[in-house]
Amino acid sequence: MIIQATDAAGIYVPRFCYHKQLSVAANCRMCLVEVEKAPKPLPACATPVAEGMVVRTRSPLAREAQKGVMEFLLINHPLDCPICDQGGECKLQDLAVGYGKDVSRYHEAKRIVKDKDIGPLIATEMTRCIHCTRCVRFGKELGGVMEFGGLGRGEHMEIRTFLDRSVDSELSGNVIDLCPVGALTSKPFRYTARPWELMSRPSVSPHDCVGANLDVHVRRGEAMRVVPRENEAVNECWLSDRDRFSYEALNTDARLTRPMIRRNGRWEETDWQTAMEFTAAGLRKAVSAHGAGQVGALAAPTATVEEFYLLGKLMRALGSSNVDHRLRQMDFSDDEAMPPFPYLGQEIANLERLGGVLLVGSNLRKEQPLLNLRLRKAVRNGAHVALINPVDYEFNYPIAHSLVTDLMAMERALAGVARALAARKGVAVPGELSALIGKGEPSSDEKAVAEMLASRTSPAILLGSLALSHPHAAILKGIAQFIAESCGGCFGMLPPANSVGAWLAGGVPHRGVAGSSITAGKNALDMLRSGVKAYVLLGVEPELDCLNGARATGAMHAADFVVMLTSFKPSLYQSGAVEYADV
Ligand code: SF4
Ligand code: FES
């Protein structure tokens, strides 16, 4: 299209409805340009370039057309910039400066559109809407849930949710960035700051191991909002709602801002020096009384790389390797065989080029929404996706084959696929795997999945967090790797939160920083099953975060000393920790 050529050449053409990630709608007409031999101006976003074409983007004809469109767009716009939250970063405001008139020639009554309440995240002011349909196309093409639509015609057209429903998709916040005017704005951020008051700080999302690039907008040291930072290799220009809105927890009254220690059964606020000395004394006492092996650290997978590194360093300085973040994992039998970190097996961007995918134990849409978006693109390009899941999770693209089994039968179903694939491809099952894969005729569903993997180009098998925390996770991984090798595809894992960071920064008991070899300590399960005498908990609420909450709580109560590193008061006061923690 002409607009892509002009963008590549650094020549600006005004636009509202065009977005490089969305289909071409060409309904705002702001990008009209003069094309030689064309009888009238043409939309640059919808006109393909051709050999020898002469395009003028700033000729008198092009400028007149662009200004004319701007005048029409402003007819019904309320021109309420002083009270609009988009002020300062509004495309309409910016372009009105360049292409609008000082005085409107429109004296008739403007239309108004009643405001809608579409949920807690997105504020609407639909009188400002210019009907560019970016929000509609995003839902239909990328979000996978068509939450917005255009109802009515001409003067009566409205962009709204169907049946006045709330907007609930896991990627809904992206329409805030897409909306070029102040029709859709962030509800939590609304009226709290102006864009020119904010400093932008680059960061990375800790939530789902995707590492979405984001910018935290800060005012006087306070995080005011989070917006995506474009990175085509990772998150493109999108963010999941979890990444976008979780900053709100940073500024609540629930934050624990001062260290607390428990003396004689009573909690008291203290200063950092006292808290540090109290903690060091408690840990030293546990080491000297019971040995370093009786001190252990459990970290939430959402901790940062720096936190994992420092926690590992603290434990190893005490002489213990009991550090782990895999709070829900049951099977640790293949720890030594694991790669340096649980890996997707390919670049994120490659997901949208896959031809066939088998997802095992994954609720991808909720767990890694941005990876799900890539797979959705692959499906739109013709890929087939099959599932082996213990729950019939909702996906926002057609699933070619769905094997919903109980948790323990997932292994049997995967083995059936492996048997069918081995027969289809004529490959021998290696000796050590043959007992796991077993014998017998695969079911028709298992054969269909195997056929899909064998016949599609660029197949992949991905194990989600339910597979990785499965009681027989090592077996699932072994069979999945065999399937990937047999079909010439890719094997990958989809671990939760910042697990990759944990593996690399020493947040596992059997490997040091960057996978260096160390004397192995106890894993999370062993630390809680057999118990240790002192725990350091980093962002962990044992009763909620660990596999067996009751057992974890029991282990905490049985310990002599528990250090709880938490950012929030409820983690302490509204949990059992108030009784068992010491710091
Ligand atoms: S609400 Fe915003 S993004 Fe949606 S059609 Fe209107 S102007 Fe475009
Ligand atoms: S940007 Fe081309 S018609 Fe809207």
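These legends walk through a few views of one predicted protein model.

Local features here need pLDDT of at least 70, side-chain atom pairs count only at pLDDT 80 or more, and totals for chains, interfaces and linings use all residues. Residues are numbered from 1 along each chain as its sequence is written, and side-chain values use heavy atoms, with hydrogens and water left out.

**View 1. The protein as a whole.** Of the 583 residues, 53% are buried (under 20% relative accessible area, 1.4 Å probe, protein chains only; exposed is over 50%, partly exposed in between).

**View 2. The largest nonpolar core and L359.** This core has 75 residues; a nonpolar core is a set of buried Ala, Val, Leu, Ile, Met, Phe, Trp, Tyr and Cys residues joined through side-chain atoms within 4.5 Å. F16, M30, F148 and L359 have the most contacts inside it (contact means heavy atoms within 4.5 Å). Leaving aside residues up to four places away in sequence, L359 touches L364, L375, V385, A386, L387, I388, F395, Y397, L462 and L494. A second, separate core of 37 residues includes A413, I437, I479 and M493.

View 3. Look for F162 in the loop between strand 6 (158–161) and helix 5 (174–178); helices (H or I, at least four residues) and strands (E, at least two) are DSSP runs, numbered from the N terminus. F162 counts as partly exposed because its relative accessibility is 36%.

Definitions and conventions: Chains are lettered from A and ligands numbered from 1 in the order in which they are written.
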